[in-house]
Amino acid sequence: MTSTDLSGSPVQSILSTVQLGFGTWSWGDRLFWGFGTDYSDSDLKAAFETALSFNLTFFDTAETYGQGKSESFLGEFVSTASQPVIVATKFAPLPWRITKKSLIHALKQSLTRLGLPQVDLYQIHMPLPPVSIRVWMEALCESVDMGLTREIGVSNFDLLQTRLAYETLARWGKHLASNQVEFNLLNRNAETSGILNYCKENQIRMIAYSPLAQGVLSGKYTPEHLPLGVRGRRYTAQYLANIQPLINLLKKIGANHNGKSPSQVSLNWVISKGALPIPGIKNSAQVEQNAGALGWSLTEDEIIALDEMSQHVSNHG
């Protein structure tokens, strides 16, 4: 993926050829994901090593995940990795962080936890006030010039915010490498709002977090078997009952592709849209399952069928 940005500079992102990465929100997170109960640091290390065995080397983290534990775990694993790893992390623009220096300071703290001199991608986690997007983009440009990050990204930016970030960076001779948003068969806002098309048109990699809707699209949850904790309050028995036609279609399509699972079909659908899915992983089995989304493609008719069923269950959800 080589082109030019508004400044006329060539664009060649490190994410251009990455088809699948992994999110590490659950690494060290006890409150939402229950770290330390049904999975531990040894499970995370096994997941990391299994990912590398599949040559899947892109990992996304954030300073807020597990209150810094996610970055620390990832840094520990990267330090003994047998091959190069692509590391992305994020800056939380909290209300008391009001200067460009606060971003540089936070990035340096993340690098300390990661044990790295530089990350491959540094992202604004969300567009929170009071500091303007322009100011944060300027700070990100400085972080690139200082050699602290290779590329610049944003997260949870809507279409207008993405355009503002892109155009601001271009004036500084920098390119917006990515926008990370929630995108899956149960949440297609990034597609319907125009974010996905804008990203494609401007060589911005759209990274899809929660591509399996926090595990709901795996098919393992039913009205009788709800997700634990906070997810169980979001994905209620009624909600899960309403989406069963979509789960059944995922199973049917998977059967036509040598027994692919609903998770694998769901991830392949995200990839077919031109986005980069980063499902969360807590153990090596999940890595193996997610890796099965690669090496094959849904047919055009199957994509259309999933699009239509997605819209149907969303309208009746």
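**Loop residues and a helix pair**

Modeller: N258 sits in the loop between α10 and α11 (262–272); helices are DSSP runs of H or I, at least four residues, and strands are runs of E, at least two, numbered from the N terminus. This is a predicted model, where local features need pLDDT of at least 70, side-chain atom pairs count only at 80 or more, and totals for chains, interfaces and linings use all residues. Residues are numbered from 1 along each chain as its sequence is written, and side-chain values use heavy atoms, without hydrogens and water.

Colleague: Why does N258 count as exposed?

Modeller: Its relative accessibility is 79%. Exposed means over 50%, buried under 20%, partly exposed in between (1.4 Å probe, protein chains only). So N258 counts as exposed.

Colleague: What is the phi of N258?

Modeller: About 60°, positive although N258 is not a glycine. Most residues other than glycine have a negative phi.

Colleague: Where is Q67, and what is its phi?

Modeller: Q67 is in the loop between β4 (58–60) and α2 (69–79). Its phi is near 55°. Q67 is exposed too, at 74%.

Colleague: Why are α10 and α13 called roughly antiparallel?

Modeller: The axes of α10 (residues 244–255) and α13 (residues 300–315) cross at roughly 165°. Over 145 degrees counts as roughly antiparallel, under 35 as roughly parallel, 65 to 115 as roughly perpendicular, the rest as oblique. Therefore the pair is roughly antiparallel.

Colleague: Which peptide bond is cis?

Modeller: The one from P129 to P130, with omega near 10°. P130 lies in the loop between β6 (119–124) and α4 (133–145).

Conventions. Axes fitted to C-alpha atoms, helices over the stretch in contact; angles between N-to-C directions.
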